[in-house]
Amino acid sequence: MRIKNLNRNKTIVQQANAIRVKYPDWKVSFDSYQLKAVGALQPTPRSEIYTIEIKFHILKPIQIRVLNPVLVKNEKGEKIPHMYSQETLCLFMPKYAEFTRKMYISDTIIPWTSLWLYYYEIWHATDKWLGGGEHPE
């Protein structure tokens with residue numbers, strides 16, 4: 001009996017299929033090199049419903065954007081924490097290999113995005129980022 005190597009990088013097709021199974025309402029498109037997934041997340045029943053876009057390319061870092069509603073600074077006018085250039089979400093530290101291509105986006109990036117949005121909403125209510133982590137440069 002041959003056992004599959006679970007330590008291999010996931011292919012674009014495997015990533016797309018895993019997202020479609022776990023998040024059937026999401027729209028997923030892909031080709032040999034890249035994947036784009038767009039769908040809705042609502043961190044809590046009282047939260048906004050956010051439209052998320054994930055771009056995954058085999059040669060580039062993964063990018064996660066909130067398309068709607070537009071993310072805004074807090075009442076103090078502070079930049080939104082844990083974002084790269086105030087455009088894409090910082091969900092993990094690449095230098096610590098918290099996300100690798102051996103992991104499924106559906107099991108990591110999408111739930112982490114929902115958690116990030118939860119902390120974003122708390123940050124607006126309290127002016128404190130309670131999600132921990134390191135801020136990107």
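Visitor: Before we start, how do accessible areas get computed here?
Guide: Accessible areas come from the Shrake-Rupley method with a 1.4 Å probe. This is a predicted model, and its chain exposes about 9000 Å².

Visitor: Okay, the fold. What pattern does the chain follow along the sequence?
Guide: Reading along, you get α-β-β-β-β-β-β-α, so to speak 2 helices and 6 strands.

Visitor: What radius of gyration does the chain have?
Guide: The chain has 16 Å, which agrees with the value near 14 Å that a compact globule of 137 residues would have. The C-alpha atoms fill a box of roughly 60 × 30 × 25 Å along the principal axes.

Visitor: And the core? Which residues have the most contacts inside the largest nonpolar one?
Guide: Ile54 and Trp116 do, in a core of 31 residues. Elements giving two or more residues to this core include α1 (12–22), β3 (50–57) and α2 (109–126). The most comes from α2, with 6 residues.

Visitor: What does tryptophan 116 touch, leaving out residues up to four places away in sequence?
Guide: Its partners include Leu71, Ile80, Pro81, Met83, Leu91 and Trp129.

Visitor: Switching to charges: how far apart are the mean positions of the positive and negative ones?
Guide: They are 10 Å apart, for 19 positive and 13 negative charges.

Visitor: Last one: what share of contacts between residues at least 6 apart join residues at least 24 apart?
Guide: That share is 47% in this chain.

Key:
Residues are numbered from 1 along each chain as its sequence is written. This is a predicted model: local features need pLDDT of at least 70, side-chain atom pairs count only at pLDDT 80 or more; totals for chains, interfaces and linings use all residues. Side-chain values use heavy atoms; hydrogens and water are left out. Helices (H or I, at least four residues) and strands (E, at least two) are DSSP runs, numbered from the N terminus. The radius of gyration is taken over C-alpha atoms; the globule rule is 2.2 Å times the number of residues to the power 0.38. Contact means heavy atoms within 4.5 Å. Lys and Arg count as positive and Asp and Glu as negative; His and the chain ends are not counted. The place of a charge is taken as NZ of Lys, CZ of Arg, CG of Asp or CD of Glu. A nonpolar core is a set of buried Ala, Val, Leu, Ile, Met, Phe, Trp, Tyr and Cys residues joined through side-chain atoms within 4.5 Å. Buried means under 20% relative accessible area, exposed over 50%, partly exposed in between (1.4 Å probe, protein chains only).
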